[in-house]
Amino acid sequence: MEFLTGELKGSHDPSGIVFTVLAAMSGMEREYIRDRTLEGHESARKRGKTIGGRGVTDDDMLSMALHLRDQEMSLRDIAKRLVITTGAKKGQHPSPATVMRMLREHDEQAATAAST
């Protein structure tokens, strides 16, 4: 309590120090778990593993999204027109974030191919 609000005036329970120590240990443990998780993700990426769920995009969806983008449609409108064709989400529409990620990855690959 002392480090959060300053020194306490008057008499107080010395067991408060125990709670302070436990809170500090809890914070350290949380940081340790976070660091180990991030290290695991980095290690997986180096081995070629992907983090997250199974991809729902395919080449047909990409070509349709590029065609719709050329018509200057918004990401939301593009996402509403696209349909997932395989997997557990078959028949559903991808999210605008998925469409944006798919188009961004395509643009980055095209820029890399053009520069080499």
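Mentor: Let's begin with a definition: the expected span of a helix is 1.5 Å times one less than its number of residues. Keep in mind that this is a predicted model.

Trainee: How do you know that the span of α5 agrees with what it should be?
Mentor: Set the two values side by side. α5 has 20 residues, so it should span 28 Å, and its end C-alpha atoms are 28 Å apart, which agrees.

Trainee: What puts the buried residues of α5 on the same side?
Mentor: The residues concerned are Thr98, Val99, Met102 and Leu103, all buried in α5. They cover an arc of only 130 degrees around the axis, and that places them on the same side of α5.

Trainee: Which residues of α3 are buried?
Mentor: Met61, Leu62, Ala65, Leu66 and Leu68. Their arc around the axis is only 165 degrees, so they sit on the same side of α3. The face turned away from that buried side carries exposed residues, namely Asp59, Asp60 and Asp70.

Trainee: What makes up the lining of the largest pocket?
Mentor: The lining divides into 4 nonpolar, 8 polar and 5 charged residues. The pocket holds about 420 Å³ of space. Of its 17 lining residues, Gly55, Val56, Thr57, Arg101 and Glu105 are the closest to the centre.

Trainee: Which helix gives the most to that lining?
Mentor: α5, with 6 residues. Both α3 (59–70) and α5 (96–115) supply at least two residues each.

Trainee: Which element has the lowest mean pLDDT, and which the highest?
Mentor: Helix α1 (residues 2–5) is the lowest at 52, while helix α4 (residues 75–81) is the highest at 95. For the protein chain, the mean is 86, with 87% of residues at 70 or more. Where pLDDT is low, the predicted coordinates should not be read in detail.

Note on methods
Residues are numbered from 1 along each chain as its sequence is written. This is a predicted model: local features need pLDDT of at least 70, side-chain atom pairs count only at pLDDT 80 or more; totals for chains, interfaces and linings use all residues. Side-chain values use heavy atoms; hydrogens and water are left out. On a 1 Å grid over the protein atoms alone, a cavity is a set of points where a 1.4 Å probe fits but cannot get out, and a pocket is an open set with protein on both sides within 12 Å along at least five of seven lines; lining residues have an atom within 4 Å of a point. Grid points are joined across faces, edges and corners, and a volume is the space filled by probe spheres set on the points. Helices (H or I, at least four residues) and strands (E, at least two) are DSSP runs, numbered from the N terminus. Ala, Val, Leu, Ile, Met, Phe, Trp, Tyr, Cys and Pro count as nonpolar, Asp, Glu, Lys and Arg as charged, and the others, Gly among them, as polar. pLDDT is the predictor's confidence in each residue, from 0 to 100. Buried means under 20% relative accessible area, exposed over 50%, partly exposed in between (1.4 Å probe, protein chains only). The arc is that of the directions from the helix axis to the C-beta atoms.
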